[in-house]
Amino acid sequence: MHDTAEQPAARHSARRAFPVAGVAQVSGSAPRDPGAALAVDADGEAIGGSTGGCVESAVHELCQEELHSGRPVAQRFGYGDEDAFAIELTCGGIVDVFVQPVRPGDDLGLDAGIGALAAGTPVALAGVIAGPEALLGVCLAVDGAGHQGTLAAAGRGPDAAAGPLEQAVVAQPRDARRRPHGTADAGSGRPPVQPAGAGSAVFFIESYAAAPRMLIFGAVDFAAAVARIGRFLGHQVTVCDARPVFATVRRFPAADEVVADWPHRYLERQAVGGALDGRTVVCVLTHDAKCDVPLLERALRMRPAYVGSMGSRRTHRDRPARLREAGLTEQRLARLCSPIGSDLGARTPEETVVAIAAEIVAHRRGGACLPLGAGAGPVRHDVASSEDRSATPGDGTGTEQNAHPDQKPGRPVEPGGHSRKRSSARTDQPHPAPPGRLTTYGGPMTTATTLTDLTATEIAAAVRAGELSPVEVAEAVIEAVDALNPTLNAFCILDHERLRTAARDLARRQAAGEELGLLAGVPLAVKDLIFVKNLPMVAGSHAFRDFQPDEDDVVVERARAADALIVGKTNTPELGFAGNGINPVFGATRNPWDTTLTSGGSSAGSAVAVAARMSPLALGSDAAGSVRAPASFCGVYGLKASMGRIPLYPGCRVDTYPGLSSFESVEHIGPLSRTVQDSALLMAAVSGPHGRDRHSLPAADFDWLTATQGDIRGLRVAFSPDLGYAEVDPRVAAVVRRAVEVFELDLGCTVDEVVAPWQDPYDDFWAMLVAETDMEGMRRMVAEHPGQISPHIVGMLEAPWTVDQVTRSGMMRKRVVNGMADLMESYDLLLTPTIAVLPWPAEDHAPATPKDSSPFVLPMNLTGQPSASIPAGFTDEGLPVGLMISGRRLEDDVVLRASAAFEATAPWIGRRPAL
């Protein structure tokens with residue numbers, strides 16, 4: 001109903017009945033997208049259009065039939081060669097049309113939806129287009145305050161059938177309201193619109209979001225024409241200029257707003273106030289360096305859909321140099337469209353704005369601005385633009401087969417030991433969701449979710465504000481897990497029903513107006529070495545296949561108290577004694593960037609779950625790089641905060657679980673996330689002292705939530721490409737060195753190359769680990785499970801360790817700690833590669849020489865200082881490489897601020913595995 005909203009709203013307010021024929025589903029080369037609509041008044045006047053003219057007359061007749069019958073009707077229009085005069089689409093596509101009766105006062109949901117359209121308020125309309133006859137045409141309107149309309153109204157159907165359908169569909173339009181306005185998605189090869197079975201119904205969901213903004217800076221002659229075409233393209237237009245005499249409403253009547261202010265100040269205020277988003281278009285028409293350089297510098301540090309700047313080619317040659325001086329990287333400069341517009345040979349203002357509009361549309365849709373006759377691809381593009389990425393649905397498909405630990409490896413466990421299946425249907429095209437989409441309720445889901453693209457920070461804010469239901473979030477995660485986990489094996493233990501119950505409980509508290517926690521509604525994956533009450537904890541070992549903790553680890557208890565939703569347990573090598581994701585119970589976890597390769601470990605599944613968008617946040621543990629190493633291999637952010645920031649109990653702090661009680665003096669719990677801010681959010685919720693952990697620290701003297709803010713100009717940075725003893729893959733070294741240059745050239749740091757004042761601690765580390773391990777208990781464990789314990793663990797237990805080896809390991813640790821203290825007296829940060837090698841085959845235990853993978857991460861566990869792995873870039877093979885940022889002990893805020901500064905300068909969040 002996008003195309004017809006204004007005039008039908010006027011008719012509706014005048015209490016005049018009319019039908020609306022909307023395109024519900026398309027395939028092939030159909031002329032219009034779902035959501036296109038034709039309305040017909042009682043006098044036969046047509047408003048809008050549904051099929052681009054091909055069968056418009058036939059659709060018009062359907063509407064007139066509805067005027068007489070008063071009943072909704074569905075019709076499919078296609079193409080065939082049998083009858084050249086049949087009513088068909090000449091383009092060869094297929095269109096399903098649904099004619100919706102609109103009778104003011106007859107349907108509360110429809111009345112409310114049309115009223116919201118008239119008022120310009122964001123709303124989503126969900127109407128039944130197939131299913132029980134009594135429900136056909138019934139609509140629900142969903143906005144930020146809730147929903148209006150009901151499926152259980154008098155004469156509409158029995159409450160028993162309508163209740164579950166209504167509850168399910170109301171959750172979906174909340175997501176639809178946030179989808180970009182005007183995007184489209186054409187399916188291919190879809191069957192006629194049919195319900196999935198008895199008791200189900202098909203809903204057509206249309207979203208009406210606020211118009212995207214166009215900010216025009218510079219009150220020049222061209223600006224008036226740009227404002228007109230901006231309105232024509234559906235933007236809310238603002239013209240801003242520092243000169244009040246030129247920034248007047250009279251000069252720019254097409255603009256929604258005219259502002260007299262310095263452009264860069266206005267842009268900053270809009271950004272801080274949350275008035276800009278990924279759909280915003282910025283047009284800089286000033287071509288005056290003192291205005292456009294500070295303005296462009298700020299605009300290019302944001303993430304608008306488009307930034308264009310007017311000027312001659314000479315101006316463009318000078319402008320990048322000025323912007324580099326302002327601290328912009330080449331990556332950010334590449335986003336600038338300058339000179340603005342496509343090359344159409346334009347001269348007049350009107351011709352120029354057509355060229356500007358062409359470039360904006362090409363950016364949005366992935367076009368090339370070439371003559372259509374010069375190409376062989378589709379005439380209409382469905383490529384996701386920067387403004388649409390947050391609404392790009394996944395396209396995975398698969399079936400989850402849950403199994404007990406003594407079944408074959410590679411399958412997740414459902415508590416209770418029984419086996420269940422859950423199917424997940426896929427969408428036909430991995431493109432942005434359309435303004436209108438089909439969803440079947442009461443049967444299998446037929447649309448993919450987009451909520452898994454949201455960050456933890458975004459989810460928590462939306463849930464706390466009542467804009468997003470925790471139930472929506474839970475279902476989105478379940479769908480993603482069902483689709484991807486069979487391939488990646490990130491989760492080893494799942495309980496979807498427990499997750500749904502927790503989400504419903506949180507939704508009830510949300511509806512009651514209770515104040516929710518920092519992690520409200522945020523899905524959280526938990527490594528299967530961290531205790532979660534009433535969920536199995538197998539730890540990848542047959543020795544623990546029947547173990548189910550009766551208490552939460554402190555970190556899980558605090559996450560629950562902050563209203564996080566526990567998704568499940570993630571895979572790990574047996575007892576965490578390896579840097580991979582292989583164990584004899586569940587098999588190997590696979591890297592989402594290349595499923596033939598390892599994810600790294602031991603927080604293997606946690607890193608994969610975050611990278612594959614099965615969970616925005618995950619908990620891992622890190623005794624020798626086990627958070628940072630898989631973060632590097634999987635292209636996510638992994639933080640090992642200062643030792644004791646996150647208390648640990650019971651875990652390795654108790655002596656009752658042989659194999660789990662190791663690593664006490666080096667073990668850290670840490671977050672994995674797609675953004676630095678999300679890790680800071682989790683730290684704010686779970687850090688702080690605890691009486692059961694003798695290593696825990698007092699509360700931090702800084703605010704975790706704001707620790708990511710501010711620049712790092714003037715920091716002294718040490719860079720060691722190999723610590724003086726590591727062998728580093730040249731592909732890793734090249735990516736890391738380029739990342740380090742950003743700190744010096746773009747972030748204003750002083751960078752010195754250094755060599756570590758200690759020797760490689762790897763060989764002595766295992767003796768130190770043995771000293772902290774229940775060797776007697778583990779030998780009993782091996783005897784009780786012959787042939788079932790991993791060979792490298794058995795080898796450690798059978799080795800002839802000596803007292804000298806153990807004491808030498810203690811001296812080694814002192815040398816590393818003191819050498820690091822000496823180095824960090826002169827520097828604020830130490831930069832190194834995270835891992836020296838690239839991922840090896842998923843089924844292999846380790847690279848050719850095991851210590852090749854861990855020379856950089858291990859020292860930070862010995863010293864207990866904060867250290868994070870952040871994606872530095874990608875190799876030519878498309879594999880992510882991590883940069884490790886380490887700070888002085890207790891200066892976690894400096895590590896977070898440096899991480900966020902690098903993230904903003906060289907962002908990676910838009911790049912994702914092709915699953």
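Guide: Isoleucine 885 touches Phe743, Leu829, Leu830, Leu831, Pro866, Ser867, Ala868, Ile870, Val895, Ala898 and Ser899, leaving aside residues up to four places away in sequence; contact means heavy atoms within 4.5 Å. The model is predicted: local features need pLDDT of at least 70, side-chain atom pairs count only at pLDDT 80 or more, and totals for chains, interfaces and linings use all residues. Residues are numbered from 1 along each chain as its sequence is written, and side-chain values use heavy atoms, with hydrogens and water left out.

Ile885 is, with Leu519, Leu619, Phe743 and Leu883, among the members that touch the most others in the largest nonpolar core, which has 86 residues. Such a core is a set of buried Ala, Val, Leu, Ile, Met, Phe, Trp, Tyr and Cys residues joined through side-chain atoms within 4.5 Å; buried means under 20% relative accessible area, exposed over 50%, partly exposed in between (1.4 Å probe, protein chains only). A second, separate core of 53 residues includes Leu660, Leu823, Ile835 and Trp840.

The whole structure holds 11 aromatic pairs, where rings of Phe, Tyr and Trp (its six-membered ring) pair if their centres lie within 6.5 Å, and planes under 30 degrees apart count as stacked, over 60 as edge-to-face and the rest as tilted. Phenylalanine 531 and phenylalanine 547 form an edge-to-face pair, 5.8 Å centre to centre with 75° between the planes. Both phenylalanine 531 and phenylalanine 547 are buried. The pair of phenylalanine 743 and phenylalanine 902 is stacked, because the ring centres are 5.6 Å apart and the planes are at 10°. Phenylalanine 743 has 0% relative accessibility and therefore counts as buried.
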